[in-house]
Amino acid sequence: MREADSEITERDGRVNFNKIREADFRMIDEIIHIFPVSSEFNVSLLMIAGLIRDRIPWLAEILCEAHRDFKSASPQKAREIGEQLMQVISYTLRGPFGERTISKSKFGQILMMELPILIGRIISENIKIRN
């Protein structure tokens, strides 16, 4: 009986990291609203990169690079970075590549719909704080 109790305790104590990785985008949206957007401290792109790192690692790296580039960008350069980033996201998620590799699960389908909206808003915020 004691062995069975310890097995149940161990099983219940484990965290299902797959559920955490497949977080609800509304939660990410809330977190983005909580943090004040400033040119010195804006972790929104990094948070999204962490969320998608397992499924789309190359896009996560691009988001990290865009985060670094936004930090020191002029208003014109920020617009260019934003346009290029949205083109990459559009091609990756909405093209044939995204349909074949990402949309096989419910989370993948939600990712394809919600990610461009979230990143578009983050880009707009990054451009706005520079004007």
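**Close-up views of a predicted all-helix model**

At 0% relative accessibility, Leu93 counts as buried (buried means under 20% relative accessible area, exposed over 50%, partly exposed in between, with a 1.4 Å probe and protein chains only). This is a predicted model, in which local features need pLDDT of at least 70 and side-chain atom pairs count only at pLDDT 80 or more, while totals for chains, interfaces and linings use all residues. Residues are numbered from 1 along each chain as its sequence is written, and side-chain values use heavy atoms, with hydrogens and water left out.

View 1. Leu93 is in contact with Ile56, Gly98, Ile102, Leu111, Met112, Leu115 and Pro116, leaving aside its neighbours within four places in sequence; contact means heavy atoms within 4.5 Å. Gly108 is 15 residues from Leu93 along the chain, and the C-alpha atoms of the two are separated by 9.4 Å.

**View 2. The secondary structure of the protein.** The protein has 8 helices and 0 strands, where helices (H or I, at least four residues) and strands (E, at least two) are DSSP runs numbered from the N terminus. From the N terminus on, the order of elements is α-α-α-α-α-α-α-α. Of the 131 residues in the protein, 34% are buried. Among contacts with a separation of 6 or more, 61% are between residues 24 or more positions apart.

**View 3. Helix α6, residues 75-94.** At 1.5 Å a residue, the 20 residues of α6 should span 28 Å, and the end C-alpha atoms are 28 Å apart, which agrees; the expected span is 1.5 Å times one less than the number of residues in the helix. Buried in α6 are Ala78, Ile81, Gly82, Leu85, Ile89, Thr92 and Leu93. Seen down the axis of α6, these buried residues fall within an arc of 105°, so they line one face of the helix; the arc is that of the directions from the helix axis to the C-beta atoms. An α-helix has 3.6 residues a turn, so residues three or four places apart point the same way. Glu83, Gln84, Gln87 and Tyr91 are exposed on the other side of α6. Packing against the buried residues of α6 are α4 (44-52), α5 (57-71), α7 (96-101) and α8 (106-128).

**View 4. Helix α5 and its buried face.** The 15 residues of α5 should span 21 Å at 1.5 Å a residue, and the end C-alpha atoms are 22 Å apart, which agrees. The buried residues of α5 are Leu59, Ala60, Leu63, Cys64, Ala66, His67 and Phe70. Seen down the axis of α5, they fall within an arc of 160°, so they line one face of the helix. The cover over these residues includes α4, α6 and α8. His67 counts as buried because its relative accessibility is 11%. Leaving aside neighbours within four places in sequence, the contacts of His67 are Asn42, Leu45 and Leu46.

**View 5. Packing of α4 against α5.** The axes of α4 and α5 are 8 Å apart, at an angle of about 170°; axes are lines fitted to C-alpha atoms, for helices over the stretch in contact, and angles run from 0 to 180 degrees between N-to-C directions. The two helices α4 and α5 are therefore roughly antiparallel (angles under 35 degrees count as roughly parallel, over 145 as roughly antiparallel, 65 to 115 as roughly perpendicular and the rest as oblique). From α4, the contact involves Leu45, Leu46, Ile48, Ala49 and Ile52. Residues of α5 in this contact include Pro57, Leu63, His67 and Phe70.

**View 6. Packing of α6 against α8.** The axes of α6 and α8 come within 10 Å and cross at roughly 180°. That makes α6 roughly antiparallel to α8. Among the residues making the contact are Leu85, Ile89 and Leu93 of α6 and Leu111, Leu115, Ile119 and Ile123 of α8.

**View 7. The largest nonpolar core.** A nonpolar core is a set of buried Ala, Val, Leu, Ile, Met, Phe, Trp, Tyr and Cys residues joined through side-chain atoms within 4.5 Å. Of its 31 residues, Leu45, Ile48, Leu63, Leu85, Leu115 and Ile119 touch the most other members. At least two residues of this core come from each of α3 (25-34), α4, α5, α6 and α8. The most, 9 residues, are given by α8. Leaving aside neighbours within four places in sequence, Leu63 is in contact with Leu45, Ile48, Ala49, Ile52, Leu85, Ile89 and Ile119.
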